[in-house]
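Subject: Structure for your review

Dear colleague,

Please find below a structure that I am handing over to you. My findings are set out after it.

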Amino acid sequence: MKNNTSKRVRLFRRISLITLIAVYLLILVGGIVRSTGSGMGCPDWPKCFGSWVPPTKVSELPDNYKDIYALKRAKKNERFAKYLTAFGYDKTAKAILSNESILEEADFNAVKTWIEYINRLIGAFIGLLILGTAVAAFALRKQRVIPTVAVLTFLLVLFQGWIGSIVVSTNLLPWMITIHMFIALLIVALLIWLYTRVSPPRKHLSSKGTFVRYALIACMVLTLIQVAMGTQVREAIDQVAVALGNTSRDLWIESLGIEFIIHRSFSWLLLLAHLVLFYLLRKSISGSKLLQTLAVVLLVSIGSGIAMAYAGVPPAM
(Lines give C-alpha, C1' and ligand atoms only; values in the text may rest on other atoms or scores of the structure.)
Protein backbone atom coordinates (compact mmCIF):
# COMPACT_ATOMS: atom_id res chain seq x y z
CA MET A 1 0.00 0.00 0.00
CA LYS A 2 2.80 2.40 0.90
CA ASN A 3 4.57 1.46 -2.33
CA ASN A 4 1.48 2.41 -4.39
CA THR A 5 1.20 5.72 -2.55
CA SER A 6 4.87 6.42 -3.19
CA LYS A 7 4.40 5.75 -6.91
CA ARG A 8 1.43 8.12 -7.04
CA VAL A 9 3.41 10.83 -5.28
CA ARG A 10 6.36 10.41 -7.66
CA LEU A 11 4.03 10.52 -10.69
CA PHE A 12 2.34 13.68 -9.41
CA ARG A 13 5.69 15.33 -8.67
CA ARG A 14 6.93 14.51 -12.17
CA ILE A 15 3.80 15.86 -13.88
CA SER A 16 3.66 19.02 -11.75
CA LEU A 17 7.35 19.73 -12.35
CA ILE A 18 7.01 19.29 -16.12
CA THR A 19 3.96 21.57 -16.05
CA LEU A 20 5.79 24.20 -14.00
CA ILE A 21 8.75 24.24 -16.40
CA ALA A 22 6.34 24.48 -19.35
CA VAL A 23 4.57 27.48 -17.76
CA TYR A 24 7.92 29.27 -17.42
CA LEU A 25 8.52 28.50 -21.09
CA LEU A 26 5.16 30.05 -21.95
CA ILE A 27 6.03 33.20 -19.97
CA LEU A 28 9.29 33.39 -21.93
CA VAL A 29 7.41 33.03 -25.21
CA GLY A 30 4.99 35.71 -24.02
CA GLY A 31 7.96 37.99 -23.49
CA ILE A 32 9.06 37.33 -27.06
CA VAL A 33 5.55 38.15 -28.27
CA ARG A 34 5.64 41.42 -26.33
CA SER A 35 9.17 42.44 -27.37
CA THR A 36 8.49 41.74 -31.06
CA GLY A 37 5.18 43.61 -30.99
CA SER A 38 3.30 40.48 -32.05
CA GLY A 39 0.51 40.70 -29.50
CA MET A 40 -2.03 41.63 -32.17
CA GLY A 41 -0.62 39.21 -34.74
CA CYS A 42 -3.98 37.46 -34.44
CA PRO A 43 -6.82 40.00 -34.16
CA ASP A 44 -9.33 37.43 -32.89
CA TRP A 45 -9.40 34.66 -30.28
CA PRO A 46 -9.21 31.65 -29.95
CA LYS A 47 -8.91 31.36 -33.74
CA CYS A 48 -6.42 33.41 -35.74
CA PHE A 49 -7.97 35.39 -38.59
CA GLY A 50 -11.02 33.16 -38.28
CA SER A 51 -9.01 29.97 -38.85
CA TRP A 52 -7.30 27.34 -36.70
CA VAL A 53 -4.30 27.62 -39.02
CA PRO A 54 -3.47 31.28 -39.73
CA PRO A 55 -2.71 32.67 -43.19
CA THR A 56 0.82 33.26 -44.45
CA LYS A 57 -0.03 35.94 -47.02
CA VAL A 58 -2.33 38.94 -46.95
CA SER A 59 -3.85 37.76 -50.24
CA GLU A 60 -5.51 34.94 -48.26
CA LEU A 61 -7.58 37.52 -46.39
CA PRO A 62 -10.60 39.49 -47.63
CA ASP A 63 -9.95 43.09 -48.69
CA ASN A 64 -11.94 44.44 -45.73
CA TYR A 65 -10.36 42.15 -43.11
CA LYS A 66 -9.55 45.11 -40.86
CA ASP A 67 -13.20 46.14 -40.68
CA ILE A 68 -14.31 42.56 -40.07
CA TYR A 69 -12.09 41.96 -37.05
CA ALA A 70 -12.52 45.46 -35.67
CA LEU A 71 -16.28 44.84 -35.61
CA LYS A 72 -15.82 41.47 -33.87
CA ARG A 73 -13.63 43.01 -31.22
CA ALA A 74 -16.07 45.90 -30.75
CA LYS A 75 -18.86 43.43 -29.96
CA LYS A 76 -16.66 41.57 -27.48
CA ASN A 77 -15.67 44.82 -25.79
CA GLU A 78 -19.33 45.73 -25.42
CA ARG A 79 -19.92 42.49 -23.52
CA PHE A 80 -16.80 43.07 -21.40
CA ALA A 81 -17.96 46.63 -20.65
CA LYS A 82 -21.24 45.21 -19.32
CA TYR A 83 -19.30 43.01 -16.89
CA LEU A 84 -17.26 46.00 -15.73
CA THR A 85 -20.41 48.07 -15.25
CA ALA A 86 -22.01 45.25 -13.24
CA PHE A 87 -19.04 45.34 -10.85
CA GLY A 88 -19.18 49.11 -10.52
CA TYR A 89 -16.40 50.07 -12.95
CA ASP A 90 -18.55 52.40 -15.05
CA LYS A 91 -15.76 54.83 -15.90
CA THR A 92 -13.45 52.05 -17.06
CA ALA A 93 -16.22 50.58 -19.20
CA LYS A 94 -16.95 53.93 -20.81
CA ALA A 95 -13.25 54.56 -21.39
CA ILE A 96 -12.93 51.27 -23.29
CA LEU A 97 -16.02 51.90 -25.43
CA SER A 98 -15.02 55.50 -26.21
CA ASN A 99 -11.37 54.70 -27.06
CA GLU A 100 -11.34 54.54 -30.85
CA SER A 101 -7.67 53.49 -30.95
CA ILE A 102 -8.65 50.14 -29.45
CA LEU A 103 -10.35 49.20 -32.72
CA GLU A 104 -7.46 50.22 -34.94
CA GLU A 105 -6.24 47.21 -36.91
CA ALA A 106 -2.58 46.75 -37.74
CA ASP A 107 -1.45 45.71 -41.21
CA PHE A 108 -1.09 41.96 -41.67
CA ASN A 109 2.39 40.69 -40.81
CA ALA A 110 2.94 36.96 -41.33
CA VAL A 111 5.89 36.76 -38.93
CA LYS A 112 4.01 38.44 -36.08
CA THR A 113 0.93 36.37 -36.80
CA TRP A 114 2.83 33.12 -36.49
CA ILE A 115 4.72 34.24 -33.38
CA GLU A 116 1.40 34.92 -31.67
CA TYR A 117 -0.11 31.72 -33.07
CA ILE A 118 2.77 29.60 -31.70
CA ASN A 119 2.32 31.34 -28.35
CA ARG A 120 -1.32 30.23 -28.36
CA LEU A 121 -0.47 26.66 -29.34
CA ILE A 122 1.99 26.41 -26.45
CA GLY A 123 -0.64 27.91 -24.15
CA ALA A 124 -3.20 25.32 -25.23
CA PHE A 125 -0.69 22.50 -24.67
CA ILE A 126 0.13 23.80 -21.20
CA GLY A 127 -3.57 24.00 -20.44
CA LEU A 128 -3.72 20.25 -21.10
CA LEU A 129 -0.68 19.70 -18.86
CA ILE A 130 -2.38 21.58 -16.02
CA LEU A 131 -5.53 19.53 -16.60
CA GLY A 132 -3.33 16.42 -16.34
CA THR A 133 -1.88 17.78 -13.09
CA ALA A 134 -5.41 18.22 -11.71
CA VAL A 135 -6.39 14.67 -12.72
CA ALA A 136 -3.20 13.22 -11.22
CA ALA A 137 -3.89 15.11 -7.98
CA PHE A 138 -7.00 13.02 -7.32
CA ALA A 139 -4.75 10.01 -6.72
CA LEU A 140 -3.68 11.92 -3.61
CA ARG A 141 -7.22 12.81 -2.56
CA LYS A 142 -6.57 11.78 1.05
CA GLN A 143 -4.73 15.10 1.22
CA ARG A 144 -7.78 17.10 0.16
CA VAL A 145 -5.88 20.33 -0.21
CA ILE A 146 -3.79 18.95 -3.11
CA PRO A 147 -6.65 18.12 -5.54
CA THR A 148 -8.45 21.28 -4.41
CA VAL A 149 -5.51 23.54 -5.28
CA ALA A 150 -4.84 21.58 -8.51
CA VAL A 151 -8.43 22.05 -9.71
CA LEU A 152 -8.32 25.72 -8.66
CA THR A 153 -5.15 26.12 -10.75
CA PHE A 154 -6.87 24.60 -13.79
CA LEU A 155 -9.90 26.89 -13.36
CA LEU A 156 -7.51 29.82 -13.09
CA VAL A 157 -5.91 28.77 -16.38
CA LEU A 158 -9.35 28.81 -18.05
CA PHE A 159 -9.93 32.30 -16.62
CA GLN A 160 -6.48 33.31 -17.87
CA GLY A 161 -7.48 32.17 -21.36
CA TRP A 162 -10.54 34.41 -21.21
CA ILE A 163 -8.44 37.33 -19.95
CA GLY A 164 -6.12 36.69 -22.89
CA SER A 165 -9.05 37.06 -25.27
CA ILE A 166 -9.91 40.41 -23.63
CA VAL A 167 -6.28 41.52 -24.01
CA VAL A 168 -6.69 40.91 -27.74
CA SER A 169 -10.14 42.50 -28.04
CA THR A 170 -8.97 45.65 -26.22
CA ASN A 171 -5.92 45.90 -28.50
CA LEU A 172 -3.34 45.22 -25.77
CA LEU A 173 -4.77 47.65 -23.25
CA PRO A 174 -1.84 48.11 -20.80
CA TRP A 175 -3.72 47.42 -17.56
CA MET A 176 -5.25 44.29 -19.07
CA ILE A 177 -1.73 43.05 -19.91
CA THR A 178 -0.76 43.70 -16.28
CA ILE A 179 -3.69 41.62 -15.00
CA HIS A 180 -2.76 38.89 -17.50
CA MET A 181 0.81 38.82 -16.17
CA PHE A 182 -0.15 38.72 -12.49
CA ILE A 183 -2.50 35.80 -13.09
CA ALA A 184 0.41 34.00 -14.75
CA LEU A 185 2.52 34.64 -11.63
CA LEU A 186 -0.29 33.29 -9.44
CA ILE A 187 -0.50 30.13 -11.56
CA VAL A 188 3.27 29.68 -11.19
CA ALA A 189 3.00 30.14 -7.41
CA LEU A 190 0.26 27.51 -7.14
CA LEU A 191 2.22 25.02 -9.24
CA ILE A 192 5.33 25.58 -7.11
CA TRP A 193 3.24 25.01 -3.99
CA LEU A 194 1.80 21.77 -5.41
CA TYR A 195 5.26 20.47 -6.31
CA THR A 196 6.84 21.31 -2.97
CA ARG A 197 3.83 20.03 -1.02
CA VAL A 198 4.54 16.44 -2.12
CA SER A 199 8.34 16.77 -2.23
CA PRO A 200 10.60 15.13 0.35
CA PRO A 201 11.28 17.45 3.30
CA ARG A 202 14.33 19.66 2.90
CA LYS A 203 17.01 20.27 5.45
CA HIS A 204 15.44 22.00 8.46
CA LEU A 205 16.22 25.60 9.20
CA SER A 206 18.16 26.52 12.29
CA SER A 207 16.76 28.29 15.32
CA LYS A 208 16.81 31.45 13.23
CA GLY A 209 14.23 29.87 10.92
CA THR A 210 11.52 32.28 12.09
CA PHE A 211 13.59 35.27 10.98
CA VAL A 212 14.26 33.55 7.66
CA ARG A 213 10.53 33.12 7.08
CA TYR A 214 9.88 36.78 7.85
CA ALA A 215 12.69 37.77 5.50
CA LEU A 216 11.29 35.50 2.78
CA ILE A 217 7.82 37.00 3.14
CA ALA A 218 9.26 40.53 3.10
CA CYS A 219 11.27 39.79 -0.06
CA MET A 220 8.25 38.25 -1.77
CA VAL A 221 6.04 41.25 -0.95
CA LEU A 222 8.70 43.75 -2.00
CA THR A 223 9.33 41.84 -5.23
CA LEU A 224 5.62 41.86 -6.10
CA ILE A 225 5.48 45.62 -5.40
CA GLN A 226 8.50 46.12 -7.67
CA VAL A 227 6.89 44.01 -10.40
CA ALA A 228 3.69 46.04 -10.10
CA MET A 229 5.63 49.30 -10.39
CA GLY A 230 7.55 47.79 -13.30
CA THR A 231 4.30 47.23 -15.17
CA GLN A 232 3.43 50.89 -14.63
CA VAL A 233 6.80 51.86 -16.08
CA ARG A 234 6.18 49.55 -19.01
CA GLU A 235 2.78 51.13 -19.63
CA ALA A 236 4.41 54.56 -19.60
CA ILE A 237 7.07 53.32 -22.04
CA ASP A 238 4.33 52.03 -24.36
CA GLN A 239 2.77 55.49 -24.42
CA VAL A 240 6.12 57.16 -25.07
CA ALA A 241 6.92 54.63 -27.81
CA VAL A 242 3.63 55.34 -29.59
CA ALA A 243 4.17 59.09 -29.28
CA LEU A 244 7.62 58.72 -30.87
CA GLY A 245 6.36 56.38 -33.58
CA ASN A 246 8.21 53.40 -32.03
CA THR A 247 11.53 55.02 -32.94
CA SER A 248 14.26 56.85 -30.99
CA ARG A 249 14.45 54.19 -28.28
CA ASP A 250 17.30 56.10 -26.62
CA LEU A 251 14.77 58.82 -25.71
CA TRP A 252 12.18 56.54 -24.12
CA ILE A 253 13.63 56.37 -20.61
CA GLU A 254 14.36 60.08 -20.29
CA SER A 255 10.76 60.79 -21.35
CA LEU A 256 9.35 58.88 -18.39
CA GLY A 257 8.00 60.49 -15.25
CA ILE A 258 8.15 59.88 -11.53
CA GLU A 259 7.07 56.22 -11.82
CA PHE A 260 10.45 55.30 -13.32
CA ILE A 261 12.42 57.15 -10.63
CA ILE A 262 10.44 55.38 -7.89
CA HIS A 263 10.87 52.01 -9.61
CA ARG A 264 14.62 52.54 -10.02
CA SER A 265 15.08 53.71 -6.42
CA PHE A 266 12.96 50.88 -5.02
CA SER A 267 15.36 48.36 -6.56
CA TRP A 268 17.96 49.36 -3.94
CA LEU A 269 15.53 48.49 -1.15
CA LEU A 270 14.84 45.18 -2.88
CA LEU A 271 18.55 44.45 -3.14
CA LEU A 272 19.11 45.30 0.54
CA ALA A 273 16.23 43.01 1.60
CA HIS A 274 17.71 40.14 -0.39
CA LEU A 275 21.16 40.71 1.07
CA VAL A 276 19.62 40.28 4.53
CA LEU A 277 17.83 37.16 3.30
CA PHE A 278 21.06 35.71 1.89
CA TYR A 279 22.85 36.36 5.19
CA LEU A 280 20.13 34.56 7.16
CA LEU A 281 20.01 31.67 4.73
CA ARG A 282 23.77 31.20 4.84
CA LYS A 283 23.46 30.84 8.61
CA SER A 284 20.56 28.42 8.25
CA ILE A 285 21.37 26.29 5.21
CA SER A 286 24.97 25.51 4.39
CA GLY A 287 26.08 25.17 0.78
CA SER A 288 22.64 25.69 -0.72
CA LYS A 289 22.69 25.69 -4.52
CA LEU A 290 19.23 27.22 -4.41
CA LEU A 291 20.65 30.25 -2.63
CA GLN A 292 23.31 30.65 -5.31
CA THR A 293 20.66 30.39 -8.03
CA LEU A 294 18.51 33.01 -6.32
CA ALA A 295 21.48 35.36 -6.14
CA VAL A 296 22.24 34.90 -9.84
CA VAL A 297 18.61 35.48 -10.84
CA LEU A 298 18.45 38.65 -8.74
CA LEU A 299 21.66 40.01 -10.29
CA VAL A 300 20.49 39.18 -13.82
CA SER A 301 17.18 40.93 -13.11
CA ILE A 302 18.90 44.07 -11.83
CA GLY A 303 21.41 43.93 -14.68
CA SER A 304 18.67 43.72 -17.29
CA GLY A 305 16.99 46.74 -15.72
CA ILE A 306 20.22 48.70 -15.88
CA ALA A 307 20.68 47.67 -19.51
CA MET A 308 17.18 48.87 -20.39
CA ALA A 309 17.71 52.16 -18.60
CA TYR A 310 21.07 53.01 -20.17
CA ALA A 311 21.10 51.12 -23.47
CA GLY A 312 17.88 52.37 -25.06
CA VAL A 313 15.50 49.61 -23.89
CA PRO A 314 16.85 46.77 -26.08
CA PRO A 315 13.98 44.37 -26.98
CA ALA A 316 15.98 41.35 -25.76
CA MET A 317 16.15 42.84 -22.25
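This is a predicted model: local features need pLDDT of at least 70, side-chain atom pairs count only at pLDDT 80 or more; totals for chains, interfaces and linings use all residues.

Residues are numbered from 1 along each chain as its sequence is written, and side-chain values use heavy atoms, without hydrogens and water.

Helix α2 (residues 65-86) packs with helix α3 (residues 90-98) at an angle of about 165°, their axes being 8 Å apart; helices are DSSP runs of H or I with at least four residues, and axes are lines fitted to C-alpha atoms over the stretch in contact, with angles from 0 to 180 degrees between N-to-C directions. The two helices are therefore roughly antiparallel (over 145 degrees). Their contact (heavy atoms within 4.5 Å) involves N77, E78, F80, A81, L84 and T85 of α2 and D90, T92, A93, I96 and L97 of α3.

Seven aromatic pairs are found in the whole structure (ring centres of Phe, Tyr or Trp, its six-membered ring, within 6.5 Å; edge-to-face if the planes are over 60 degrees apart). The rings of F49 and Y69 are edge-to-face, with centres 5.5 Å apart and planes at 90°. F49 is buried at 10% relative accessible area (buried means under 20%, with a 1.4 Å probe and protein chains only), and Y69 is buried at 6%. F49, Y65, Y69 and F108 form one aromatic cluster.

Yours sincerely

Terms used: Angles under 35 degrees count as roughly parallel, over 145 as roughly antiparallel, 65 to 115 as roughly perpendicular and the rest as oblique. Rings of Phe, Tyr and Trp (its six-membered ring) pair if their centres lie within 6.5 Å; planes under 30 degrees apart count as stacked, over 60 as edge-to-face and the rest as tilted. Buried means under 20% relative accessible area, exposed over 50%, partly exposed in between (1.4 Å probe, protein chains only).
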